Amino acid sequence: MSSPKECKLPSTSADSAEAEVFSLSASTAKMKAVAKKIRRHIVTMTGKAGSGHPGGSLSAVEIVTTLYFKVMRHKPHDPHWPERDRFILSKGHAAPLLYATLAECGYLPVSELCTLRQMDSLLQGHTDCNLTPGVEMSAGALGQGLSFALGVALAGRLNKQDYRVYALLGDGECDEGQVWEAAMASAHFKADNLVAIVDNNGQQIDGWNRDVMNLEPFPDKWQAFGWQVIEVDGHSIPQLTQAFKKTKKIKGQPTVIIAHTIKGKGVSFMENNPDFHGAAPNEIEVKLALKELE
Amino acid sequence: MEQEVSLREAYGKTLLELGLENPDIVVLDADLSRSTMTHFFAHELPERFFECGVAEQNMISIAAGMASSGKIPFASTFAVFAPGRCFDQIRMSIAQPQLNVKIVATHGGITVGEDGSSHQSIEDLALICSLPGFNVIVPADAIETAQAVEAAVANYGPFYIRLCRPKSQLIYNEDYRFKLGKAVTLRQGKDAAIIAIGLMVKEALEAAKNLKQEGIDCRVLNMPTLKPLDEAAIIKAAETGAIVTAEEHLEHGGLGSMVARVVAQHQPVPMELVALKDTYAKSGKPAELLMRYGLTAKDIEQAVKSAIKRK
C-alpha cells in the first residue's frame, strides 16, 4: 500500500497583511521570493493531485506574480470589490498558478491548495468562477477568455469605471479562431482598458508551436489586428513591470504583451519539456523539483 | 382573416422599451440587426448596442463578460448560428457559470423558407435544452414574445428565446400573462391532449377544431417554456389517455422527446410526435415546407387518431 502523497506547502505571510499584497515599490528580490514560493506551490499541489498542468503554470509565474503583487488594484478580502482590476485567465489549465497566487494574496487559505482536483474541493481542475474566490471566469475551453475580457472591459467603460482588464492567453491557444475574432473586435472598440498577455513559451501539447501550427510572424499579426505590441522577457519582473506601466499610457487601442517564457521554468527537467504540459510530477520528481526551488 | 403580427418585431420593440427603462440592458448582434430587429434598440440607444460583425463565438463570450460585470446582455442572431455556431461558448462562457445572458434567436425552424437547410434551424432546441440551468422559451405569437422578453429581464440567469421568421396570427389577447415554466391550456378536452410550441400552436388549435366535428374532443396546451418544463401539466394532460406533441424541430431532443420522458417516467400513455423526422428540409415557401414535412393541422389530426387507437 502506498502512503498518502505529501503536501507540505511553504509557509506564507499572506493572511497577515493586506498592505503587503500589492505594493508598487516591492523590491525585485522580494518579488522573486514570492515567485519561487508560488513555483513550489505549483509543484507540490499538482504532485499531490497526481494530475494537472505544471508546465504552462510555471512559465507564467512572473507574469501573474507581477500583476497581483505589483500592478493590479485589488482587495483579497473583498473579491467582488467593484473597482478592482480584473485578471482573466484564458488558459484555464494554468489554474494551479492562479490558485497559488490567490492563496499567497490571501483570497483563500494556503492549506486549500492541497485539495486541488479532489472531490468537493474549491479548486477544480480548470477554473470555476462560482467556486473559487478571486476567479473571474470559468475557463478550460481555450480561446474564449479574450472575448470575455473584452466584454468586461466594455462594461467597465459603460459603467464609467476605470478598472483595467488583464487577460492571460497561451500561445498554443492562439490557434483558436475566436482569439482573432476577439483581437479584431478589441481594436474595433478601441478597448484601451484591455491588456492581453501571451505566455509565449513556444510549446503546446503535441510539441513546439512551429511544428504543431506555426504562429509566426506572431507580433506582426497582433499589430496588423490593430494592437500595440510590447515584447518582454516573461521571466523578468522589471521588464514586465515596465511593460504594464506603459500599457496605461496607450490610448485608443488595446495592448498585447508578448512574454517570451520557458515552459516548466524553474525546474530543470521540466523546462522545455512538453511531457509536463498536462502531466504532474511523481513523488521523486516533486522532491527533486522542490530541492531546485529552495 | 385574422391579423398576422411579427414576433421579431415584437421582440425588437419590447427590447427598446425595456432598454429605455433599464440602463443595464445592452444588446449585441452579429451583422443581422435588421433581421433580428435589434436595430430598433441600436437606433435609439447606440451607446449600448454592440455590433460584433459575423463572429458569433466572439459575440457570445463578450456578452458573458458583460454579464459578469453586472450588465444584462441580449445577444441576437439566427437560431441556426446560436447555439449552432457557438455551442461551446454558450456552454462554457454562459451555462457553466450560469451568467445572466439572454440569447434571442430568430429564424427558428424550417419556415425560414427559401434560404434552405443551411439557414433552417431544426436542432437548436435539442442543443440548448441539453445545457444545465438554461431557461428556454418558444413563444407562440407576438404577445407571448413581448412577455417572454420581459420575463427574461425579470429573472436572473441564462435564457434562450426562439422566434420564427414569418408573421403569425395572434393566439392571445392583451389580457394574457405569460408565466415562466407554466403551460397554458388553450382548450379543454377529454379524448387526447395536443401539446404544441411556436407556430404549431395555431395548427394544434385548428386540428382540435376539425377533430371536434368528427366527435373527437382534444385538449390543447401551449408549452412556451421548454426549460424548466411544466411536468405537472404534462402529467395532467396524460389523464386524457393520449398525447400528441407538435413542434417545428427535429423529433430528436425537442418538445416531443422531453414530453415523452416525463410521460414515460410518470404516466405512460400512447404518444405521437409531429416533428421533423431525421432529415434536413429544402428550399421552398414556408407553407409548402410545412406541408411537405408533415407539420400541418392535418398531420396533427392524423397523429391524434393514431394515438387514440393505441389507447
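**Note for the helix view.** Axes here are lines fitted to C-alpha atoms, for helices over the stretch in contact, and angles run from 0 to 180 degrees between N-to-C directions. Everything below comes from a predicted model.

**View 1. Helices α1(B) and α7(B) cross at roughly 35°.** Two packed helices are described by the angle between their axes and the distance between the axes. Here we look at α1 (residues 7–21) and α7 (residues 142–154) of chain B, whose axes come within 8 Å. The crossing of α1(B) and α7(B) is right-handed. On the α1(B) side, look for Leu7(B), Ala10(B), Tyr11(B), Thr14(B), Leu15(B) and Leu18(B). They meet Ala142(B), Thr145(B), Ala146(B), Val149(B), Glu150(B) and Val153(B) from α7(B). Sorted by class, the residues of this contact come out as nine nonpolar, two polar and one charged.

**View 2. Five strands of chain A form an open sheet.** Reading across, the order is β1-β2-β3-β7-β6, and the pairing is parallel. β1 (86–89) and β6 of chain A each have a single partner strand, so one side of each is left without a neighbour in the sheet. On average, neighbouring strands are turned by 20° against each other, direction ignored.

**View 3. β2(A) and β3(A) run parallel, with a helix packed on the sheet.** Six bridges join β2 (residues 165–170) to β3 (residues 194–200) in chain A. To pick out one bridge, find Gly170(A), whose partner in β3(A) is Asp199(A). Helix α5 (residues 145–158) of chain A packs on the sheet and touches β1, β2 and β3 of that chain. The direction of α5(A) makes about 175° with that of β2(A).

**View 4. β6(A) has one covered face and one uncovered face.** In a regular strand the side chains alternate between the two faces of the sheet. In β6 (residues 228–233) of chain A, Gln228(A), Ile230(A) and Val232(A) make up the covered face. Val229(A), Glu231(A) and Asp233(A) sit on the uncovered one. β6(A) pairs with β7 (residues 255–260) of chain A in the parallel sense, over six bridges. Val232(A) has Ala259(A) as its bridge partner in β7(A). Between β6(A) and β7(A) the chain passes through helix α9 (residues 237–247) of chain A, in a right-handed β-α-β crossover. α9(A) lies across β3, β6 and β7 of chain A, at about 165° to β6(A).

**View 5. Chain B touches chain A.** The contact brings together 22 residues of chain B and 21 residues of chain A. On the chain B side, the elements giving two or more residues are α4 (56–68) and α5 (87–95). α4(B) gives the most, with nine residues. By class, this side of chain B has nine nonpolar, 10 polar and three charged residues.

Technical notes: Residues numbered from 1 in each chain as written. Chains lettered and ligands numbered in written order. Predicted model: local features only at pLDDT ≥ 70, side-chain atom pairs only at ≥ 80, totals over all residues. Contact = placed C-beta atoms within 7 Å. Helix = DSSP H or I, 4+ residues; strand = E, 2+ residues; numbered from the N terminus. Nonpolar A, V, L, I, M, F, W, Y, C, P; charged D, E, K, R; others polar. Left-handed = near helix turned anticlockwise from the far one by under 90°. Buried ≥ 20, exposed ≤ 12 C-beta atoms within 10 Å, placed from the backbone. Pairing = 2+ DSSP bridges. Right-handed = clockwise from strand over helix to strand, strands pointing away.
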